[in-house]
Amino acid sequence: MKIAVIHDYADVFRTTRAYQRLQGQDVVVHTDAYTDPARVVELVSGCEAVLLTQQRVPVTREIVARLPDLRFISQTSANVYHIDLAACTEHGVVVSAGRGGGGGGRTPYSTTAELTWGLILASPRHLPFEVERLKQGHWHTTVGTRLEGHTLGIYAFGHIGAAVARVGRAFGMKVVCWGREGSTARARAEGFEVAKSRETRGIVTADDLARMKSTALLVNTSRAPIIAEGALVAALAKGRPGFAAVDVYETEPVVGGAHPLLTMSNALCTPHLGYAEQEGYEGIYAGGVERLLAWAAGKPIDVVNPEALERKKR
């Protein structure tokens, strides 16, 4: 079986336990970050199966139609919104998806919370700037801001928000949570203050940003569309908020430095590292390989388009 593993940016798949289970198979790993259809077709051409890493590339109808040898897609998470399932079914391409498998990997929620605090701590103390200045021969050129006594606002008290809030409390910050009713109820149950908000409020608007202090830091490690498109760049240019730390973007991957936030001195940007942690990868790749091997053995599992199995038999 010829298998393509695509968009493994950090070339981590070959370091996992799951990779060892594919000995004897013809496995080609690509670390390419480009997602245009022609490039994807080039990477997967001639392969019977493809292992996708999370939702890093849209698998469009155009791509599926140009891959006549493709018979199986193994998705390393339960989300398949980036895959044209109708096109896959029409072309007899079976798609399997689900949570991590037998690799023992932990949930990515804790790793995203850890990165969130890394960004929070690095931004007000100007750590990236000071590190580079020190390498260039300079010494101590900025003054930082402490966290203790300041307000930490959390939007949505889910797995990530809750972990971030608890650390904020440990740092002596005033933690205020807001979001939908279920989210705020969980926050109250843990003794956190809850801010009033409309139930329908789903994004951070330009007006919201304009009300932030010039000393405020906005951190987004969740989803880029939470903030109205273009609003954060405009707000940072006006100085309210004064700083931002961002790990997610409207269109990913961001290559060639092609994002306005990367040009701003008051923005700290990371390339969607929230879930990028070794044990997390162990888990998602274990599930992906488990589904690959089940399909190769003629007993596919976690199939999200079972009609493709019937079409293949015709």
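Modeller: Gladly; let me start with Leu 121, which is found in helix H5 (residues 109-122). Please keep in mind that this is a predicted model.

Colleague: Why is Leu 121 called partly exposed?

Modeller: Buried means under 20% relative accessible area and exposed means over 50%. Leu 121 has 36% relative accessibility, so it counts as partly exposed.

Colleague: And what does Leu 121 form with Val 167 and Phe 171?

Modeller: The three form a nonpolar patch on the surface, and together they have about 220 Å² of accessible area.

Colleague: On to charges. How do you know that the side chains of Arg 39 and Glu 42 meet in a salt bridge?

Modeller: The cut-off is a side-chain nitrogen of Lys or Arg within 4 Å of a carboxyl oxygen of Asp or Glu. For Arg 39 and Glu 42 the N to O distance is 2.9 Å, so the pair is a salt bridge. Both belong to helix H2 (residues 37-44), and because they are three residues apart there, about one helical turn separates them.

Colleague: What makes Glu 42 exposed, and Arg 39 partly exposed?

Modeller: Exposed means over 50%. Glu 42 has a relative accessible area of 55%, so it is exposed. Arg 39, at 25% relative accessibility, counts as partly exposed.

Colleague: Which parts does the salt bridge between Glu 90 and Arg 61 tie together?

Modeller: Their side chains meet at 2.8 Å, N to O. Glu 90 lies in helix H4 (residues 85-90) and Arg 61 in helix H3 (residues 61-65), so the pair ties together parts that are 29 residues apart in sequence.

Colleague: What about Arg 166 and Glu 190?

Modeller: Their side chains meet in a salt bridge too, at 2.5 Å, N to O. Arg 166 lies in helix H7 and Glu 190 in the loop between helix H8 (181-189) and E8, so this pair ties together parts that are 24 residues apart in sequence.

Colleague: What makes E6 and strand E7 (residues 174-178) a pair?

Modeller: Two strands pair if DSSP finds at least two bridges between them. Five bridges join E6 to E7, so they pair. In E7, Lys 174 is the bridge partner of Thr 151.

How values were computed:
Residues numbered from 1 in each chain as written. Predicted model: local features only at pLDDT ≥ 70, side-chain atom pairs only at ≥ 80, totals over all residues. Heavy atoms only, no water. Helix = DSSP H or I, 4+ residues; strand = E, 2+ residues; numbered from the N terminus. Patch = residues over 30% accessible without salt bridge, like charges linked within 9 Å, V, L, I, M, F, W, Y side chains within 5 Å. Areas by Shrake-Rupley, 256 points an atom, 1.4 Å probe, with all protein chains shown as cover. Buried < 20%, exposed > 50% of the residue type's maximum accessible area, 1.4 Å probe, protein only.
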